[in-house]
Amino acid sequence: MHGRGAGSGTGCGMVAVRFAPNAEWLADPQAQYRELRAQDPVHWSEELGHWVLTRYGDVVAVLKDRRFTAGNRPPQRRWGRATMMVTADPPEHARLRRPVTHRFSAGAIQQTRPRIQEVVDALLDEVEPRGEIDAVWDFARQLPRTIIAEMMGVPLEPPRLTPRSGEPARDEMLRPPRREESSEPPTTEQDRFFERALEAHRAELQDDLLQDLLASEAGHRLSAEEVLDTAVILYGAGQETTANMIGNGLLALLTHPEALAKLRREPGLAHSAADELLRFDSPVHTVRRKALEDVEIGGRTVREGDKVLCMLVAANHDPEVFAHPEQLDIERRDNYHVAFGSGVHTCLGGLLARAETEIAVSTLVRRYPELRLAVPPEEIEWTGSFVIRGVKRLPVALR
Ligand code: HEM
């Protein structure tokens, strides 16, 4: 028998638990994660065609294990070929990541903090007169896009101010790639945007990320298409994720008055509070890997070619690792959460995202002592898929 099928978790036939990223999951993902972790932590989902891992130890082990590849998963811009770090395995991965790592280092992000603060202050100055704002669309979404545009040296595109109606579900990662047969990537508006920006950088030297990528091209470390694809991923990777993190994090604080009051009393806790918000309700629920050979995990055999979902948000609530995981403890110590993944693909922009979350949330809390939800918490709607999940809108009263 293949290692899948009837759950060995209970040792007695079919396991009732299942991973179903449906409306109930969207409203409360931890309910399913708790059941899966307790009853079938290495769960085979026939519906999704993936293994679903919910224990911290298993998730971290897979993400650090070279017997699993991050390659060949959609969305891939040039099928069959990794041209950006996120789908590349070592040693290609390091070649693609290295040219830009210094821009996201602790020192570089420390230097960016005053600018993040300035942008946060300016965004709040603009919306403050309204008294009540949608903290996601009026505020959170505008911050990461402004900062990454500046870091890359590209013009700030006009903001999208509301969710698009009929927006497609963001579960593309689990759909079969549609363009697998084609070797040509689709030319998108975004490609043209970056082609123009790269052209401008060729004409005039600048000190930014695009210039670093062009220097790598000149030094034959990256090809022209790798430069373009890396630019596209750097630009996109941190926008929706960080905006959702700020939204989810604010909601968590506003619905945990004790934690909120503590942060007000002790602003020095802003840093550990940001990490706790990342642990508590990060928007990135899963990362996907494929087994390159048979691997035993928790008594089950994951066969070569099997796909695995590492459920990061489930791992971050594993009681084996985090005491009282359902409590929002902004002073939590040894908070080794995996909101940014683990292993070689650990989020490149993690320190930037943490700084943006910390400054955005702590500034709101400091600046508006009356900050509160403007609707009852039950009315808050969630959107996204089990890949990325966030609050749709977050109406808050500033005064
Ligand atoms: C709260 C916000 C964010 C979260 C929760 C998040 C989460 C993640 C996770 C879980 C991964 C690992 C993917 C994997 O293992 O397959 C990742 C990778 C990555 N993230 Fe983030 N991210 C955030 C913000 C950002 C920002 C601001 C940037 C910067 C522009 C960024 C750039 C990247 C890149 C380039 C990778 C690929 C790294 C690699 O493959 O080596 N992310 N992120």
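Which polar backbone atom is 3.5 Å from an oxygen atom of the ligand?

Guide: The polar backbone atom in question belongs to Met85, at 3.5 Å from an oxygen atom of the ligand, where a polar contact is a pair of N or O atoms within 3.5 Å; within protein, one must be able to donate a hydrogen and the other to accept it, and residues adjacent in sequence count only if both atoms are side-chain atoms. This is a predicted model, in which local features need pLDDT of at least 70 and side-chain atom pairs count only at pLDDT 80 or more, while totals for chains, interfaces and linings use all residues. Residues are numbered from 1 along each chain as its sequence is written, and side-chain values use heavy atoms, with hydrogens and water left out.

Side chains also reach oxygen atoms of the ligand: a polar atom of Arg289 lies 2.7 Å from one, and a polar atom of His345 lies 2.6 Å from one.

Cys347, through its SG atom at 2.3 Å, is the only protein donor of the iron atom of the ligand, donors being N, O and S atoms within 2.8 Å of the metal (3.2 Å for Na, K and Ca), and water is not among the atoms, so sites may look incomplete. Cys347 itself sits in the loop between α14 (312–315) and α15 (350–367); helices (H or I, at least four residues) and strands (E, at least two) are DSSP runs, numbered from the N terminus.
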